Amino acid sequence: MRKIAIVGGGFSGTMTAVNLARYSKDPMEIVVVNAKRPFGRGTAYGTTRSEHLLNVAARNMSAFPDHPNHFFEWLRSRSEFDHLPDNELREMFIPRRIYGDYIRGLASIYLHPVHPDSEVVLKVIDDTVIDILPEEEGATLELKKGASVKADSVLLATGNQPPGSFQSQSPLAHDRRFCADPWENWLERLPNDDGTIVLLGTGLTMVDVVITLSELNWKGKIVAISRNGMLPRSHFRGIAYPDYLPENSSDLNLGQLVALIERHCEKLRQMSQNPAIAIDKLRPHTQQLWQNLTVEEKREFLKRYGTRWNVSRHRIAQSIHHRVTDALDSGQLQVIAGCIDSLAPQEEGISVHFQESNGKMQSISGDLVINCTGPQASFSASKIPLFQKLLNRGLVSCDELDMGIQVNEDFAAIDGEGETSSFLYAIGPLLKGSLWETTAVPELRGQAMRVAQIMLEQKPIQPEKQYIIEYCI
Ligand SMILES: Cc1cc2nc3c(=O)[nH]c(=O)nc-3n(C[C@H](O)[C@H](O)[C@H](O)COP(=O)(O)OP(=O)(O)OC[C@H]3O[C@@H](n4cnc5c(N)ncnc54)[C@H](O)[C@@H]3O)c2cc1C
């Protein structure tokens, strides 16, 4: 019986398992090895807190590219949404834990099949893959607790790396006032209401923390610091705007592309519309546009426009944005633009030293400091044993920006010699350097379906092209 192993049981790994089971015509065993985050839910949908909302409207969150309404229809099976008309439910930003229930539920169909003739066996192992050893046919996965798994094909669906900065600062390693991983349980360590919480970073993770503190009615002071001090923007109601990329878009260099986008941003402003519409309209083309750029252009894009892109593209639900704005307006939340230099534990809190844009050094003391700086960016500098082993064995190679690994158009890993692997595949955030837009469900559901079909040696079914419009028209 054919056996496929999947490393990682978040959205990407789970939905690949579901699609393998869905499309397999022969008996097959699928083994998902997953650690740390709950199977089926992963980092994003493993939260148990109801105030953590999806940052994509329900209509765009189907787990299947060939069934665009699937999540919406599934929501209709839940009584708490009965009172909402279709058009409202489709635009809703649902709690992420409910989305986790959806994905976990899809996996359950195959974990515990009710059909007596089901020939696909899906197993989940709660463990960490620490090494992959190639065999004459397929490979063996070595697991942290000592077991091993043999498989014909292996998929890496390991998601984002944990935060990279401020990890190995030894004086803080065992300091309960410092939370290196924002997904750890820091609620038990909340200071009193006269205390200060310092958040390192001002992105989506920081927003999660601020919203939870508001939900808990915590009254202390929150200070968030990042290099640019820019906060995620809000989703909005927009207009139907035409696709504006010219036919020869593959010939455009970065300068021409930026000029084109800026022209449309300006046009939208003149129409009293949100310029982020110009970014959203690029979504179906972003991967291709990224791949057309030279490596120097990609570097320049990341340096000059990366932050602006992220705040415009990765927006938050309006209700969440209002809560953050309220915290700012009330003075509870202060946002500082500064480059964080070091953290030093003191008797009374942890000192966060940072440099302001004028070069002046400043510091602020936190009773609790939470690292919200986002995932480790460099693949080669990763401290994750599996990644180090894969690189040392030459089973994978870093992409040209060292943000992840190289794969071919069928998601097969390119090894250290530049050869295509016969058994190892990867999808998800590991492909960020190669594809740029590869971290959210609208892209990942397509990858999960295509890689499943490729591993099954079936011709990938191309679902009808969907236009993912993030704003509400
Ligand atoms: C807080 C947050 C909110 C988000 N909200 C949205 C949203 O609303 N809409 C949207 O489209 N996208 C959202 N995203 C993007 C999100 O990254 C994707 O939607 C998706 O969840 C990524 O899934 P994944 O399986 O690739 O990664 P993950 O969810 O990170 O799953 C990877 C899993 O693999 C495990 N793993 C890693 N290495 C190993 C190993 N060696 N051995 C065993 N297990 C391993 C991890 O522990 C984890 O369980 C959000 C992301 C975050 C972080």
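Modeller: First, a term: a residue is buried if 20 or more other C-beta atoms, placed from the backbone, lie within 10 Å of its own, exposed at 12 or fewer, and partly exposed in between. This is a predicted model, where local features need pLDDT of at least 70, side-chain atom pairs count only at 80 or more, and totals for chains, interfaces and linings use all residues. Numbering starts from 1 along each chain as its sequence is written.

Biologist: OK, which side chains of β6 are buried?

Modeller: Val149 and Ala151, which point to one face of β6 (residues 148-151). Strands here are DSSP E runs of at least two residues, helices H or I runs of at least four, numbered from the N terminus.

Biologist: And how does β5 pair with β6?

Modeller: Antiparallel, over four bridges; pairing takes at least two DSSP bridges. Thr140, for instance, has Lys150 as its bridge partner.

Biologist: What's in the turn between β5 and β6?

Modeller: Four residues separate the two strands of this hairpin, and Gly146 in the turn has a positive phi of about 110 degrees.

Biologist: Switching topic: which strands stand at the edges of the seven-stranded sheet?

Modeller: The open, mixed sheet is ordered β8-β14-β9-β10-β11-β12-β13. β8 (178-179) and β13 (361-366) are at the edges with a single partner each, so one side of each lacks a neighbour in the sheet.

Biologist: How do β10 and β11 run?

Modeller: Parallel, joined by five bridges, with Ile222 opposite Leu333 in β11.

Biologist: Last one: how many residues surround the ligand?

Modeller: 33, with Gly8, Gly10, Gly42, Gly159 and Ala440 the closest; the cut-off is a C-beta atom, placed from the backbone, within 6 Å. Elements giving two or more residues to that shell include α1 (11-23) and α14 (441-455).
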